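I opened this entry to look up helix packing and salt bridges. I take one topic at a time.

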Amino acid sequence: SIPNKSDVQEYANRKVREIITDTQDLQLLSRLSLYWRPFSDEDAVAVAAANPIIVTPNDRLKRLQSQRLVIQVDGKLKISPFIKKIWTTDLLPAEHKECCNVIVERVVHRHSIDVLDADNVIMLLCNAKEFEHAGWFYITVMTKLLESRCNEASQVSFLTMLWQERPLPSD
């Protein structure tokens with residue numbers, strides 16, 4: 001019989017936790033799994049600096065790479081696609097929030113943002129329960145797209161479509 005997804009996910013998570021026994025290595029893996037794009041060594045160090053601080057992040061990153069949980073692609077790093085699909089983060093709410101904010105700040109200040117980046121930033125902020133920040137970011141992106149008279153009206157439509165039917169948060 002075909003096992004259900006949650007059983008496979010639980011089994012794979014348990015096996016990863018058996019292989020990687022260091023809690024800070026696991027914590028770094030959880031933090032890095034928040035990235036939706038490939039990331040740099042500096043991005044990994046930045047997210048490791050969120051509280052509680054992960055010591056020796058470069059060494060930990062190398063260990064995760066040696067286990068093929070983090071792989072190198074075109075000079076950048078990313079979580080292995082299989083691990084990305086099955087990994088369940090176990091970050092504390094305050095830690096999750098701080099890591100999301102670190103990632104958002106790095107993305108916003110590093111490169112121009114496309115609509116998918118904007119969507120992922122909004123999702124990160126909502127998952128971190130930073131609803132006001134997510135709302136301001138959404139409004140800013142929509143304003144910038146409209147002000148720039150973006151040649152692709154589809155970008156505005158796409159972002160609007162993604163978020164217009166979402167219920168407002170209850171907290």
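Is R63 buried, partly exposed or exposed? I looked it up in this predicted model: R63 has a relative accessible area of 37% and is partly exposed.

Next I looked for the partner of R63. R63 forms a salt bridge with D25, with 2.9 Å between the closest N and O atoms. R63 sits in helix α4 and D25 in helix α2, 38 residues apart. D25 has 4% relative accessibility, so I count D25 as buried, the cut-off being under 20%.

I then checked R60. R60 also forms a salt bridge with D25, again with the closest N and O atoms 2.9 Å apart. R60 lies in helix α4 (residues 57–66) and D25 in helix α2 (residues 23–32), so this pair ties together parts 35 residues apart in sequence. I noted both R60 and D25 as buried. Shared partners join D22, D25, R60 and R63 into one salt-bridge network.

I found another salt bridge between E95 and R31, at 2.9 Å from N to O. E95 is in helix α6 and R31 in helix α2, 64 residues apart. Both E95 and R31 are buried. My count of salt bridges came to 10.

Last, I turned to helix packing. The axes of helix α7 (residues 115–127) and helix α8 (residues 131–147) come within 8 Å and cross at roughly 165°. I therefore noted α7 and α8 as roughly antiparallel. Their crossing is left-handed. The contact residues include L125 of α7 and F137 of α8.

Key:
Residues are numbered from 1 along each chain as its sequence is written. This is a predicted model: local features need pLDDT of at least 70, side-chain atom pairs count only at pLDDT 80 or more; totals for chains, interfaces and linings use all residues. Side-chain values use heavy atoms; hydrogens and water are left out. Axes are lines fitted to C-alpha atoms, for helices over the stretch in contact, and angles run from 0 to 180 degrees between N-to-C directions. Helices (H or I, at least four residues) and strands (E, at least two) are DSSP runs, numbered from the N terminus. Angles under 35 degrees count as roughly parallel, over 145 as roughly antiparallel, 65 to 115 as roughly perpendicular and the rest as oblique. A crossing is left-handed if the near helix is turned anticlockwise from the far one by less than a right angle, and right-handed if clockwise. Contact means heavy atoms within 4.5 Å. A salt bridge is a side-chain nitrogen of Lys or Arg within 4 Å of a carboxyl oxygen of Asp or Glu. Buried means under 20% relative accessible area, exposed over 50%, partly exposed in between (1.4 Å probe, protein chains only).
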